[in-house]
Amino acid sequence: MQTRNDIVSANDQHDGDHAPGEHENDGHVGHVHRAIAPRRPTRAQLAHIQGWGADLDRKDRPGVPMERTPPRFINVPDGDPAPQKERVEVLVSTERPGRTPLFGTVQPPSGLSGMIRRQAFKLTENDVRHWLLLLVADRVNMVEGIGEDLASGKIPNVLAEMGIKAEFQHNKAGLAKKVALGVAVVGTAVYLMKRRR
Amino acid sequence: MALHIKKMTDWMGADVCIDAVGCEAAGNTMQTITGVYTMMQAGAATVLHWCINSVRKGGNVSIVGVYGPTFNAVPIGNALNKGLTLRMNQASVRRHLPRLIEHIRAGRIDPKAIITHRVPLEEVSDAYHIFSSKLDNCIKTILIPPRANEVRAVKASTAA
Amino acid sequence: MLAMNYRGPYRVRADQKPEPVIEHPGDAIVRVTRACICGSDLHLYHGLVPDTRVGHTFGHEFIGIVEEVGSDVHKLKVGDKVLVPFNVFCGSCFFCQHELYGNCNNTNAQSTAVGAIYGYSHTAGGYDGGQAEYVRVPMADVGPMIIPDDIHDDDAVLLTDALPTGYQAAEMGDIKEGDTVVVFGAGPVGIFAAKSAWLMGAGRVIVVDEI
């Protein structure tokens with residue numbers, strides 16, 4: 001069994017054969033002593049690339065440093081914008097002190113999905129339930145959307161909305177597979193239901 | 001993935017990794033199941049894993065891919081032990097515009113070359129489906145609303 | 001007006017919707033001439049973003065012509081051709097004063113976790129987006145930029161989101177000369193990030209995506 005002293009002296013022996021730096025230029029490629037360093041191409045090798053190095057100097061990069069004040073290139077307004085008049089309901093996050101001066105007014109919350117959204121906004125954004133409730137509200141909203149379409153007298157052409165024309169033009173094989181899968185699933189369901197009876 | 005990158009970079013790893021994919025990354029079944037189909041996390045963080053694991057120690061990871069607002073499981077322990085710098089944000093467009101316009105004028109970059117599809121707004125369902133399913137080699141789609149005027153005559157419309 | 005209308009996950013259509021109106025003296029109404037679909041719109045399309053309401057119009061990459069201005073708009077006039085950055089920002093809050101326009105404090109009431117974005121659900125402020133004929137553009141003096149004569153429309157619409165995002169991705173990576181940069185994702189943002197990495201002096205740029 002090798003004692004610790006044996007191992008240490010064996011290493012010393014090996015190191016003693018090499019002076020420091022002796023291996024630098026003697027052409028040993030892949031020798032164990034050479035440190036791994038990233039290979040860098042030369043500028044001549046990269047010169048064929050159009051515009052190479054145009055932003056090498058960090059002063060030319062507009063986003064360096066990331067935070068910079070006062071802001072350049074925009075017309076800086078005097079002070080915060082005047083608050084927008086609220087004509088529709090806007091749900092506000094609990095993590096801010098009230099409504100923002102500017103806000104979007106499209107698709108205000110309504111119906112069952114609106115009720116779920118109002119509940120979601122009582123929780124903070126830090127709480128996963130806030131986002132999960134919003135996702136649930138989105139799915140409920142989808143069903144409400146179909147109801148709206150039917151109520152205004154038009155049946156939504158779901159396949160057209162999903163892009164069936166493009167699928168037929170560009171991906172006939174994929175379409176055939178999906179149709180076959182759909183038929184198989186429906187056929188199996190019908191068969192199983194008939195068997196139960 | 002990290003293995004491939006390490007092999008390509010002399011076993012060091014990349015200096016900088018950029019995540020330009022976001023929350024619907026393909027490439028890892030478990031991530032796609034937990035993140036996209038069952039939504040147990042806010043999207044598949046596949047590429048975040050690849051970035052953190054493929055970059056060299058002390059390297060930078062730059063994230064611009066969009067993720068959802070809840071949480072994702074990422075190998076933060078690896079990021080800690082490798083001493084990484086993770087930077088991410090929504091692009092602050094307005095301040096980049098002057099410099100980017102200089103680049104376009106100097107011919108260093110030609111953005112319109114990536115546009116592959118021009119579609120009238122009426123066909124938006126098909127345009128979304130083509131883009132979503134990556135049909136017809138679609139990279140970038142432009143929608144043209146009805147009554148949009150012809151492109152205003154410009155001096156450099158055939159820039160290289 | 002004709003506008004894109006979200007009906008549920010994987011279901012969108014073009015419908016008639018009422019035109020937007022000026023809600024605030026700093027608003028402008030822009031008639032859209034070009035709008036793009038972004039990769040992040042697909043997260044909305046797939047129903048992954050909370051608080052995406054049925055009837056919403058997506059689209060945060062658009063350019064257009066100013067049709068109407070509010071009483072407090074002085075730098076734009078009717079007929080100006082503008083490109084509108086995807087951030088809705090005020091220019092005066094703490095974050096805007098530090099050039100963090102994507103993190104504005106004064107434009108998103110629903111969430112403090114994100115600034116406001118056109119057409120990106122109510123989590124991002126609840127503004128209808130540009131995949132429509134007309135858009136309400138708040139703080140029109142501060143946000144939109146008049147398109148210079150020598151910039152093509154297609155370049156301008158890509159300057160609203162894709163190109164600055166790719167460029168900022170490369171910038172945040174703090175690329176030094178000769179660095180090896182790996183970009184995951186070969187969509188528009190990834191392609192522009194790769195090109196920006198070359199502009200910043202990278203030595204090797206590897207782009208990864210699935211075929």
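Helix α5 (residues 93-105) of chain B and helix α4 of chain C are roughly perpendicular to each other, a label given to angles of 65 to 115 degrees. Their packing angle is about 90°, and their axes lie 10 Å apart. This is a predicted model: local features need pLDDT of at least 70, side-chain atom pairs count only at pLDDT 80 or more, and totals for chains, interfaces and linings use all residues. Residues are numbered from 1 along each chain as its sequence is written, while chains are lettered from A and ligands numbered from 1 in the order in which they are written. Helices (H or I, at least four residues) and strands (E, at least two) are DSSP runs, numbered from the N terminus.

**Helix α4 of chain C against chain B**

- From α5(B), the residues B:V93, B:H96 and B:L100 make the contact. From α4(C), the partners are C:L163, C:P164, C:Y167 and C:Q168. Contact here means C-beta atoms, placed from the backbone, within 7 Å.
- By class, this contact of α5(B) with α4(C) has 5 nonpolar residues, 2 polar and no charged. Ala, Val, Leu, Ile, Met, Phe, Trp, Tyr, Cys and Pro count as nonpolar, Asp, Glu, Lys and Arg as charged, and the others, Gly among them, as polar.

**Helix α4 of chain C against α5 of chain C**

- Helix α4 (residues 162-172) of chain C also packs on helix α5 (residues 188-199) of chain C. The angle is about 50° and the axes are 7 Å apart.
- That makes α4(C) oblique to α5(C); angles under 35 degrees would be roughly parallel and over 145 roughly antiparallel. Axes are lines fitted to C-alpha atoms, for helices over the stretch in contact, and angles run from 0 to 180 degrees between N-to-C directions.
- The crossing of α4(C) past α5(C) is right-handed, meaning that the near helix is turned clockwise from the far one by less than a right angle.
- On the α4(C) side, C:A162, C:L163, C:T165, C:G166, C:Y167, C:A169 and C:A170 take part. They meet C:P188, C:V189, C:F192, C:A193, C:S196 and C:A197 of α5(C).
- The residues of this contact of α4(C) with α5(C) divide into 10 nonpolar, 3 polar and no charged.

**Burial of two helices**

- Helix α4(C) is largely enclosed by the rest of the structure, because 11 of its 11 residues are buried. A residue is buried if 20 or more other C-beta atoms lie within 10 Å of its own, exposed if 12 or fewer, and partly exposed in between; C-beta atoms are placed from the backbone.
- The buried residues of α4(C) include C:P164, C:Q168, C:E171 and C:M172.
- The cover over the buried residues of α4(C) includes elements of both chains. Chain B supplies β1, β2 (55-63), β3 (85-88) and α5, and chain C supplies α3 and α5.
- After α4(C) comes C:D174, with a positive phi near 50°.
- Helix α6 (residues 124-132) of chain B is mostly covered, with 9 of its 9 residues buried. Among them are B:D126, B:Y128, B:H129 and B:F131.
- Just after α6(B), B:K134 has a positive phi of about 55°.

**The side of chain C that touches chain B**

- Here 76 residues of chain C are in contact with 74 residues of chain B.
- Elements of chain C giving two or more residues to this side include β1 (2-8), β2 (11-16), β3 (28-37), α1 (41-45) and α3 (153-158).
- Helix α4(C) gives the largest share, 8 residues.
- The side of chain C that touches chain B has 42 nonpolar, 19 polar and 15 charged residues.
- Strand β1 (residues 14-19) of chain B runs parallel to β10(C), joined by 4 bridges. Strands pair if DSSP finds at least two bridges between them. B:C17 has C:V182 as its bridge partner in β10(C).

**Backbone details**

- A:V64 and A:P65 are joined by a cis peptide bond with omega about -5°. A:P65 lies in the loop between α2 (43-46) and α3 (111-120) of chain A.
- A cis peptide bond also joins A:T69 and A:P70, with omega about 0°. A:P70 lies in the loop between α2 and α3 of chain A.
- C:Y10 is not a glycine, yet its phi is positive at about 70°. C:Y10 sits in the loop between β1 and β2 of chain C. It has 16 C-beta neighbours inside 10 Å, so C:Y10 counts as partly exposed.
- C:M139, a residue other than glycine, has a positive phi near 50°. C:M139 is in the loop between β8 (134-137) and β9 (145-146) of chain C. It has 29 C-beta neighbours inside 10 Å, so C:M139 counts as buried.

Key. Two residues are in contact if their C-beta atoms, placed from the backbone, lie within 7 Å.
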